[in-house]
Amino acid sequence: MAAHRCSYLAWLVFIFSLSGILVADGQETTLSGDHLVSAVENPQTDAETEKRAAEEPAVEERRWEATRAADAAEENQEFPASVATVLSSTPQLKDDFQEELVIRPLHSGDIYASFHFRTLWETDFMKGNKVSHYRLFPKSLGQVISKFSVRELHISFTQGYWRTMQWGQPYLPSPPGAELWVWFQDTVTDVDATWKELTNVLSGIFCASLNFIDSTNTVQPSASFKPLGIANVTDHRFLRYATLPREIVCTENLTPWKKLLPCGSKAGLAVLLKSEKLFHSSFHSQAVHIRPMCQDSQCKTPSWELRQTLNVVFDLHTSGQGKQEWSLFKMFSRTLTEACPLASSSKIYIDITDNPQEEQFELIPATPLLRQAVVLGDRRTFSVYDLTQQVTFGTVRSLNLLIRWKSTEGHMLRPLLHAERYVAGYGLQTGEIHTLMYNNHPFRSFSVLLLDSVPWYLRLYIHTLTVTSKGKDNKPSYIHYQPSKDRIRPHLLEMLVQLPPHSVTEVTVQFERALLKWTEYTPDPNHGFYVGSSVISALVPSTVAMDTNNTQERTLFSSFFPCKEESSYFVRVYTEPLLVNLPTPDFSMPYNVICLTCTVVAVGYGSLYNLLTRSFQVEEPNPGLAKRIANIIRKMRGVPPL
Amino acid sequence: MGLLSDPNRRRALISMLTRLNAPICMLCYCAGVCWFMGLAFEPFTLRTYMSENAMGSTMVEERFPAGERALATAREFAAHKKKVGGMPVDWLVKTMQARGLEVFTQSFSRVLPFPDENKERYIVKGTNVYGILRAPRAPRTEALVLSAPCSPGDNNNQAVGLLLGLAHYFRNQIYWAKDIIFLVNEHDLIGMQAWLEGYHHTNTTGMKWTPLQGRGGSIQAALSLELSSDVITSLDIVLEGLNGQLPNLDLANLFYAFCQKIGVLCTIQGRLQRNDWDSVSGYSHAVQTMMLMVMKQASGRPWGDHGLFLRYHIEAATISGINSFRQYKTDLTTTGRSDLYRLVEGMYRKLNNLLERLHQSYFFYLMPSLTHFVSIGYYMPAFGLLAVILLLRALDLWVQLVAPPARTEDGIAEIEQQSSPGVRSVLTPLIISHLTGAALYLMPVHFQEMAVEHFPVSETEAVVLTAIAVYTAGLALPHNTHRLVSGEGTEQGWRVLKLVAVLYLAVLLGCTALINFSLGFILALTMVPVAAFVTPDVPKVLSAIVFVILSPACTLLFSVFLFQELQDMPVSLQDGWMLYISVISQGILDHYLFGSLVYPLIALMVYPCWLLFWNILFWK
């Protein structure tokens, strides 16, 4: 053991000197060194690991998975870096499937499980290529891509609202209900017709009401949704975006989603996806993303990526029954026995960043494998379980991860950016939409893109639009507003707003509630009408860069200059959808009575008006012809008439 | 219509109406009063039934386990309240957080227009604490509210305990589809007003509040709890809200259904219902219950914290636990508190099942008992019979004004000549009486300081006494003024004025009755006879006395005595007078604090209208 320590000391010295050289050009190495040092300083954290270390002195106590966090972050800021890094290490296959489960224990005691499945296929759907042989890539989606000339397709189904204040940022944000945005190729001539057809086809594939997407809820955002894959087209005429906030997501959407996986729900991580548990949760979201990617750095051969994700948050209170522990079995009522045989990589990551000393929770079985990644501007540490290794499953041939909480405090988080929205006012004539955007960064301001798509039946008074932060008028630097047309298209409002540091920015706009035609009301008009979530896209300053307090274990050499590993990262925040009551006739007996009464009054009014305005006089009956002639003659004679 | 367009028959009809005008009016008045009294007779009323399908057929099972623990929470709350000497905000925040809610606070402040002597407050500062239970997999679009006021003294501790106990239990359930907001509001109605204004970001009353941090979307329904003892014998539901608004009848039905299911005694207006409707005492019981509701509704003030929700189209009611040893002693069984928990739990589970806002049942109703109601279609004829008197009188006056000159050939020109001074003689009293009304509305609050300086009275008394003084001064003012403008009042002049006044009163009462039937009916009951039979020719002194007795202010005085009588708490004249003063000051405060419309309605419309009739009485 002593020799072992000595070797560490040598390592330490080596890293010290190395860091001294590297500190100027890149913080990445310094930081990993920093973590390594902290691991060295506190080696006996895990009893089991220590035991194993004692048995096999040659093995390090904690191994770091080969990773370059910076690469990962550069690759794509939107997606969990951990997934993207694997790209560099995988062999160049014609098609390739990977699966991952990321588990993040949340401060509130809840647990966040995020499944990621990725199929990469080196083929070209573009330029009218006929693709007919499918292996891992689902044929139904492949056909959709080629038939409708889709460049990128993002679809998500979400049940519930992501509680940013309690859970932090999700790996992949999505609004409540269904969201669909598609970039078409520039060869498409009639985008609207293709869009209409595509939504109907997708509606069939995912067993969802996507066919309710029509021109009244489709918009073309000019700036908020940029292509995520390789693309040289940024003309937003080829972009369509629509949300259905009322869409209810349930098992019938989950089953077709699972069928798109190469292993279905038979093997691999997908065996955990049992609907009776997935829908016994606080939040459920499933998504499909298709985009073209580069296979290599020269981007000579394009490939298509299909990424299926499923996020779920389990609630401690409703399923805890007093015991504060989570296990795979308890969460999903299944344990893992094998990886998907078709997968080139199959891993479980557990976020242990806040738990270096196991003061918050205990992880059983422990794993020696660690992994670091910069996720959402924060450097996170993960325990890694590789399902392709037989040793992961242990002697019982099944993996049932157990997380036992030691302490939970449900305090609120202060995420750097979060937003909320509500309808102000009362009565059924007018109202006001308030959107609040919080910038909790202590000293940096940043810009956000706000996208609002409001249905036509809320008639926005755009002249009442105000943007205020800290009590002062905050003029947006870019506004794109497309007014609505009744029954044809919604309002679209996009703004680039600068959020001052440590402030709340309030966007208000007044509206009038339209009176619909009586056939336009939904079957439950008194429930109200939904307005989809606002989308706030921002480049948020990274927390890694902001970390200036020295309370954390840091080496002296690495903590002098504020590090600039990631200056900012991309975040998309969705606000809650709104439920707005419109003036609704009472579609029941009294309504009929009122209609009848009004008719009677309308009929009666004529007669009454007649009575009031005309004067009635008794008229003499018409004199006969003979009498009239006689009168004329008498008049000529100057005699009084008869 | 054919009848009316035939001049002969029309003439006959009109002559009959003018000839029999007085008897028909008398008949209508009696019929109206009888109709109203008949509303409480059980065979004439409808039985309540649940209209909302989402709450009717789906049965829920209540299984609240921890009544004792909630009682302990209530004691803990009481101890902290005593220690802090007000609302224990920190303790509440901590306790709610421990129960897994998202907790937020809102502070507010309000300077009252004049000190409220009933509740002994002038400058009000406070904090509301509310915790939101987020429904799983719900997108924060709908919410339910459960509130309990943090009252001074030892009141209402048990309600807060109940609220926290329910919060703890509700948090562990998976079936919620709507967020549930648990609100503890300080300074009862003022706190509630601040919270609701903050939630909807409106400011109707000039209150200062800090903006809310957390919301749950559009609120579908709300219950407010009032509970001050560990043991309760019965539960009372309070429905009357601001400006006489009522929640949907289904909310009362829901309450009744659960009382029946759980076996708790339930009351409305603090009165149990009786089955002996055919006996005189049973009928008078029903009449008294209904009269209490009518008087509460007519007062236009919120009779519980729920009353302020109604403005925002949120169905709400107050449920208060009563520990009564006063009456019905033999009928009572002591109700354990867990029954109350199960009742509230059951109600929330049913409200949680709602797919739409409560809209199926009635919004306009009177309740002679909890099982029977009178809908708008049944009670409106009572008012209609009173209002038709005014129209008949108007017709009579019209005929009198038009008929005599119609006999001559050049009658049209003559009418114009006669009525042109008439317009001025009508406009002058109209304007003067409305100015008096405006003075009655503005002066009491704005001149309170001056009054306090010059007279040895407190601010509240100053306000009320100024109001009474302006009111009385108004009686002296207008009946001489028209002479200043148009000389001696003509025969034609008062007829025109009375025609205008009668029609004005008809429209005014009609509109009032549509919004607040009770207020409209009570005003009609006293003002219609005066309006119908006033002429300058009746004996002055006697009619003046009748006039004053039937004036709005005296109506209020009688209502105060009647209300006390109905509540089995008769008061002496002295106490009645004090009560009268405090009722007036409360009415003015309600207007300034919550936007109640009764005070401005009386001051700006009803009183000037009554002054017009007063004017006619002293026309010559």
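Select A:C263 and A:C340 to start: the torsion about their S-S bond is about 65 degrees, so this disulfide is right-handed. The two sulfurs lie 1.7 Å apart, and a disulfide here is a pair of cysteine sulfur atoms within 2.5 Å. By that rule the count is 1 disulfide over all chains.

You are looking at a predicted model, where local features need pLDDT of at least 70, side-chain atom pairs count only at pLDDT 80 or more, and totals for chains, interfaces and linings use all residues. Residues are numbered from 1 along each chain as its sequence is written, chains are lettered from A in the order in which they are written, and side-chain values use heavy atoms, leaving out hydrogens and water.

Stay with the cysteines a moment. A:C263 is buried at 13% relative accessibility, and A:C340 is buried at 2%; buried means under 20% relative accessible area, exposed over 50%, and partly exposed in between (1.4 Å probe, protein chains only).

Now hop to chain B and pick B:C25, which is in no disulfide; the nearest cysteine sulfur, that of B:C28, is 6.5 Å away. B:C25 is buried, with a relative accessible area of 1%.

Next, show both chains together. Here 39 residues of chain A are in contact with 40 residues of chain B (contact means heavy atoms within 4.5 Å).

Finally, zoom in on A:E420 and B:R215. They form a salt bridge with the closest N and O atoms 3.8 Å apart, the rule being a side-chain nitrogen of Lys or Arg within 4 Å of a carboxyl oxygen of Asp or Glu. The count between chain A and chain B is 3 salt bridges.
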